Amino acid sequence: MGPDGLSEPGHAPEQAGQPGAEPPPPEATPAEPLPAGPPPAEPPPPELPPAELLKPSRAGRNLRAAIVVGLLLGGLALVTLFTIKVIFLIYVAAVVALGLWELTRVVGVRGIRLPLVPVAAGGAVMLGLAYYSGERPLVAALALTVIAVLAWRMAGGSAGYLQDVTAGMFTLVYLPLMASFVALMLAAPDGSRRVLAWLVVTVCSDIGGYLVGSLLGRHPMAAVISPHKTWEGFAGSALACIVAGVLLLTLLLHGTWWQGVVLGVVAVGAATLGDLAESMIKRDLQIKDMGTVLPGHGGVLDRIDSLLITAPVVWLLLVIFLT
């Protein structure tokens, strides 16, 4: 009967009342392979650490990609800056245009219709006038662009008018106006060296903060705004900016050492503010990066946030020191 019972499991219910029918329940143990299923699922976790190693634990970005992209952008800036200055101005205009596109896209997700056409057109005029004609025409162009934004948005109806116009004004000041101070620096006889000083002192703030913050950062500077920014990193930024400021003012621009110290201190404050301000904008919009154009950096705005805020500060100090 044993062979019959194995080949015809349908007969088991008929023998349920017999003593010999009790063994079938133990035979239900073949269902035990089910618990053996989970073990195969356990191996995947060990594969996660290698993937995590690709992400810097403290900096929050791909360092190799950030370095490569940074060198390419810096090299292009130097080549254009010390060949034909107008080409560098076009480079700045292109970066501003990309920033405008990024900002228009991210605020659009929140229902904000940024008046891109008048802001972009007015911004281009502002950059050109700042370089060729100076501060006064720049102010006039800014005022006219504000009027153009007010008029342009009227075609979209009254719903959200104040919100959209306000966004347009902010964008106009945050991008084209700040970039116009780079054009003002560039227009000076020693404009290329002034712009180089602005670039170097701002980049030193980023590099000094990153290196020291990554190695020694323990005390958050503004955890709610930027979790990776620490007081130790800020100290590294300050030291790098001051050293760079002294060297740039004395060797490149024929200033004095104390002017270099002032430049470094003010620049690190402006650069840090620019970084934190952009982090606040991203938190308000509930996004991680402004874009993905620059590997290792995020968007264009993620890269130029400090440069934008330091531009008017460095321009003003150099005007005072080098008059």
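Predicted model: local features only at pLDDT ≥ 70, side-chain atom pairs only at ≥ 80, totals over all residues.
Beyond the neighbours within four places in sequence, Ser306 is in contact with Thr202, Asp206, Ala271 and Asp275.

Now turn to Phe234, which sits in helix α11, residues 231-252. Is Phe234 buried or partly exposed? Phe234 counts as partly exposed, because its relative accessibility is 25% and the buried class is kept for values under 20%. Leaving aside neighbours within four places in sequence, Phe234 is in contact with Met221, Val268 and Thr272. Gly209 lies 25 residues away from Phe234 along the chain, yet 5.5 Å separates their C-alpha atoms.

Here are the two residues side by side:

| Residue | Relative accessibility | Class |
|---|---|---|
| Phe234 | 25% | partly exposed |

Finally, let us visit a pair of helices. Two packed helices are described by the angle between their axes and the distance between the axes. Helix α9 spans residues 161-187 and helix α10 spans residues 191-216; their axes come within 6 Å and cross at roughly 140 degrees. The two helices are therefore oblique to one another. On the α9 side, the contact is made by Val182, Met185 and Leu186, while α10 brings Gly191, Ser192, Arg194, Val195 and Trp198. Sorted by type, the residues of this contact comprise 5 nonpolar, 2 polar and 1 charged.

How values were computed: Residues numbered from 1 in each chain as written. Heavy atoms only, no water. Helix = DSSP H or I, 4+ residues; strand = E, 2+ residues; numbered from the N terminus. Buried < 20%, exposed > 50% of the residue type's maximum accessible area, 1.4 Å probe, protein only. Contact = heavy atoms within 4.5 Å. Axes fitted to C-alpha atoms, helices over the stretch in contact; angles between N-to-C directions. Parallel < 35°, antiparallel > 145°, perpendicular 65-115°, else oblique. Nonpolar A, V, L, I, M, F, W, Y, C, P; charged D, E, K, R; others polar.
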